[in-house]
Amino acid sequence: MEALKKEHQLIVSVSPHVKSEETTSRIMWTVSLALLPAFLAGVYFFGPKALLITAVCIVSCMVFENLYMKIVGKKPVAGDGSAFLTGLLLGMNMPASLWSFSPFTAHVPVIASFVAVVITKQLFGGLGFNVFNPALIGRAFALISWPKAMTIWNEPTAALLAMDAKTTATPLGILKEEGVAKLLEVFGDKMSLYQHLLTGNRAGSIGETSAIALLIGGLFLLAKRYISWHIPVSFLATASVIAWVFGGKGALFTGDPVVHLLSGGMMLGAWFMATDYVTSPSMRKGQIVFGIGCGFLTMLIRLKGGFPEGVMFAILIMNCFAPLIDRGFQAKVFGAVKQDKAKEATK
Amino acid sequence: MVLHIGLFRSPILLKEELFNMGLATFKGGIHPPDKKTLSAGSSISETKPPKIVVIPLSQHIGAPCNPVVSIGQEVRKGQVLGEPAGFVSSPVHASVSGKVVAIGEFPNAMGRMVNSIVIENDFREEWTALKDSPDYMSLSPEELREKVKAAGIVGMGGAAFPTSVKLSPPKEKPIDAVLINGAECEPYLTADYRLMIEKSSEVVEGLRILMKILGVQKGYIGIENNKPDAVAKMKEAAAGSENIKVLALEVKYPQGAEKMLIKSILGREVPPRALPMDVGVVVQNVGTALAVYEAARYGKPLIERVVTVTGEGVRQPRNLMVRIGTKVSDLIDECGGFTEGVAKVISGGPMMGFALGGLDVAVTKGTSGILVMPEEVVSHTEEFGPCIRCSRCIDICPMGLMPSMLSVLAERGHYEDAREYNLFDCFECGSCAFVCPSKRPIVQLVRLAKSMVKP
Ligand code: SF4
Ligand code: SF4
């Protein structure tokens with residue numbers, strides 16, 4: 001019988017024999033897609049410089065990843081999209097002014113990419129084993145090494161071809177140095193301020209300014225279940241409460257949580273950086289603790305620290321605690337609690 | 001009945017979840033494509049009697065039975081071939097009449113060699129004398145239990161645990177409910193579905209007998225909601241019995257796992273490492289209920305069962321009534337043979353079944369299906385990635401484990417640590433490996449770890 005002749009070709013492997021369509025690379029590319037609206041908004045407001053800087057980051061990250069893999073003799077996996085995503089996030093976390101800052105600083109994104117991909121990720125064991133968010137370490141390294149270049153902000157021009165733009169302060173910078181009155185003066189009135197923050201028509205890193213675009217991307221990931229609500233919601237809620245209670249001048253409960261939520265890297269951080277699978281807790285309850293920690297530390301730095309912005313350091317600090325949090329929130333085994341209760345009852 | 005409205009589930013529901021709202025269920029689980037339409041429409045048909053049957057002396061969990069026939073001996077259909085050795089054991093019977101031509105080691109579906117009896121069919125279909133009991137309901141529980149035991153009935157959903165043992169709970173463990181498992185949550189399989197459609201009243205009778213043996217007043221039949229016609233049929237058949245309830249369950253794998261089914265229907269959680277009887281429940285599969293009825297009514301031993309032969313790799317997927325001991329190759333021929341490019345033949349369903357190395361393997365009491373998968377459908381790949389800690393497996397593990405940790409620890413050889421992460425509570429349902437985006441062979445790693453440490 002023909003069928004019997006084929007016998008030796010049968011595959012024998014352990015169950016299950018069907019698997020879902022989901023793959024790691026599909027996740028990476030989908031998250032990149034979700035970042036696209038915010039990135040495009042950045043290009044719209046900050047011009048081609050934004051595009052160039054991000055492109056340098058993406059290309060450097062992918063090249064470094066492949067080179068590293070070649071050197072250590074592992075199969076290159078840059079196609080899995082994780083280096084692309086790191087590059088995209090890194091680029092979106094850089095100021096567009098970097099391109100025109102003199103002396104010319106195009107090496108900053110390249111070195112930051114090296115730190116992100118090779119030092120933060122690969123030297124810790126590669127994808128899945130890194131403790132810190134690679135893009136954030138890359139950015140922190142750049143900020144510490146080139147503090148000046150990394151904190152000069154261009155005014156959004158919305159003129160696609162403008163290579164030169166006036167420099168200005170970020171809304172959080174103004175808030176920190178000169179207070180909310182000045183902020184309102186600069187943007188006209190409260191409504192106009194909110195509007196600028198929501199659309200992204202304000203100074204800041206390339207991809208962090210358009211709150212609405214980031215929100216759309218975040219909700220898209222939430223709907224696709226690529227992220228869960230636990231980290232972003234607890235992060236943003238904690239930050240809002242602290243901003244409302246302690247954010248005002250003098251009296252308690254006079255702060256403006258909306259300004260804090262929509263400015264700086266809050267939206268980008270809460271939806272796309274803190275939710276990084278590898279560097280956040282994997283238990284849902286632990287993720288809430290993680291989000292609360294991020295929100296708390298962000299506001300602590302913003303209100304009491306030396307920097308106007310605290311999202312980056314807050315997430316990096318919480319990254320350290322992720323394994324610990326996971327240990328504290330081990331899953332409840334099916335039926336286990338009832339057994340304990342039963343045991344107590346029989347005592 | 002339990003509704004699961006967890007604080008920790010996503011606020012945005014999937015299509016399947018909306019469709020299933022309000023149905024009894026458990027926490028976790030997955031929605032693999034069910035592919036049941038391939039064979040669902042085919043009513044159960046008799047298979048051509050096989051020329052040769054190979055009947056393993058160990059088709060159940062527990063001690064293999066001792067052969068009581070010798071080579072050259074003529075046997076009749078239904079005659080005992082092996083007597084149980086010990087309490088947790090079960091007899092086996094001849095499924096054809098004919099001559100014993102060999103006794104020796106033959107491979108089973110798991111690839112292990114087991115002592116088996118080979119009979120050459122004389123096609124006379126002569127039955128050994130069976131004890132008919134038209135008024136079986138007047139028999140005592142002990143007499144009925146004896147009939148179940150003598151008929152060699154074991155769990156037919158796949159686990160093949162001797163039914164008589166489940167029906168003899170120790171005194172300190174009172175039983176108050178019997179559940180009939182009609183979930184059939186494995187994709188592709190339709191054997192239980194066909195039985196519920198075609199033999200609904202016999203299945204209900206089987207449940208009544210089980211309730212009588214155990215002296216319980218509550219009987220439940222749980223059926224996944226993707227079989228509404230089976231739900232309707234069973235409801236109709238059970239209409240006369242007030243103490244029997246038929247419930248539609250959420251369509252979600254592994255709804256038919258004993259612990260999950262008990263949670264869904266009764267809201268009771270079987271503690272880790274405990275048995276259903278510890279929460280007062282006995283669970284039996286639909287096919288087993290039918291076998292119990294036939295044993296009580298006609299004294300018929302378990303010598304045939306319904307097997308779904310299906311998959312994209314077989315020409316005519318069908319539900320067949322098959323003699324125990326029939327070779328898989330005979331069933332494939334019966335269904336028109338393979339299509340092009342067959343890659344895998346599985347005994348059981350795609351989630352927990354065993355991939356066969358060859359087609360010489362015989363159908364046993366626990367064989368619920370033969371699934372033939374062509375190249376395109378098989379997700380067989382040696383390549384897998386690192387765990388990216390995406391939490392998907394943790395969210396869906398019905399046992400509330402951390403499959404990600406188990407797989408990482410097993411991969412690194414830290415088996416003792418894996419035990420601390422409740423390694424032995426994993427029942428290898430495969431849900432975690434199904435959802436893993438890195439395609440990690442979690443079940444394989446779990447089995448490896450289990451073989452390296454003691455519970
Ligand atoms: S195979 Fe084990 S660890 Fe994986 S989902 Fe099933 S019970 Fe959980
Ligand atoms: S599903 Fe796979 S990648 Fe995700 S946490 Fe589990 S083992 Fe890791």
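**Exercise 1. Find the distance between the closest N and O atoms in the salt bridge of B:Arg194 and B:Glu198, and describe where the two residues lie.**

Solution. Begin with the definition: a salt bridge is a side-chain nitrogen of Lys or Arg within 4 Å of a carboxyl oxygen of Asp or Glu. Next, place the residues: both lie in helix 5 of chain B, four residues apart, which is about one turn of the helix. Here helices (H or I, at least four residues) and strands (E, at least two) are DSSP runs, numbered from the N terminus. Last, turn to accessibility, where buried means under 20% relative accessible area, exposed over 50%, and partly exposed in between (1.4 Å probe, protein chains only). B:Arg194 has 10% relative accessibility and therefore counts as buried, whereas B:Glu198, with a relative accessible area of 33%, is partly exposed.

Before going on, note that this is a predicted model, in which local features need pLDDT of at least 70 and side-chain atom pairs count only at pLDDT 80 or more, while totals for chains, interfaces and linings use all residues. Residues are numbered from 1 along each chain as its sequence is written, chains are lettered from A and ligands numbered from 1 in the order in which they are written, and side-chain values use heavy atoms, with hydrogens and water left out.

**Exercise 2. Work out which parts of the chain are linked by the salt bridge of B:Glu304 and B:Arg323, and which network includes these residues.**

Solution. The side chains of B:Glu304 and B:Arg323 meet with an N to O distance of 4.0 Å. This pair links distant parts of the chain, since B:Glu304 belongs to strand 13 (residues 304-310) and B:Arg323 to strand 14 (residues 318-323) of chain B, 19 residues apart. Both B:Glu304 and B:Arg323 are buried. Widening the view, one finds a network of salt bridges that links B:Lys77, B:Glu125, B:Glu294, B:Lys300, B:Glu304 and B:Arg323. For another pair, look at B:Glu126 and B:Arg124, whose side chains meet at 4.0 Å, N to O; B:Glu126 is partly exposed at 30%, and B:Arg124 is exposed at 55%. Over all chains, a search of the whole structure finds 30 salt bridges.

**Exercise 3. Describe how chain A and chain B meet.**

Solution. Start by counting residues: 52 residues of chain A are in contact with 73 residues of chain B, where contact means heavy atoms within 4.5 Å. Then take the area: the two chains bury about 5500 Å² between them, 58% of it on carbon and sulfur atoms. Buried area is the accessible area (1.4 Å probe) that two parts lose on being put together, summed over both. In chain A, the residues that lose the most area to chain B are A:His17, A:Arg225 and A:Phe334, together 16% of what that side buries. Finally, consider charge: the rule finds three salt bridges across this interface, and A:Asp326 and B:Arg389 meet in a salt bridge at 3.4 Å, N to O. Among the elements of chain A on this side, helix 14 (284-304) is one that gives two or more residues, and helix 14 gives the most, with four residues.

**Exercise 4. Identify the backbone features found at A:Pro16, B:Pro254, A:Arg225 and B:Tyr188.**

Solution. As background, most residues other than glycine have a negative phi, and most peptide bonds are trans. A cis peptide bond joins A:Ser15 and A:Pro16, with omega about -5°, and A:Pro16 is in the loop between helix 1 (2-5) and helix 2 (24-46) of chain A. In chain B, the bond from B:Tyr253 to B:Pro254 is also cis, with omega near -5°, and B:Pro254 lies in the loop between strand 11 (244-249) and helix 8 (258-266). Turning to phi, A:Arg225 has a positive value near 65°, and this residue is in the loop between helix 10 (211-223) and helix 11 (230-246) of chain A. The phi of B:Tyr188 is positive too, near 75°, and B:Tyr188 is found in the loop between strand 9 (177-182) and helix 5 (191-198) of chain B. As for accessibility, A:Arg225 is partly exposed at 26%, whereas B:Tyr188 is buried at 1%.
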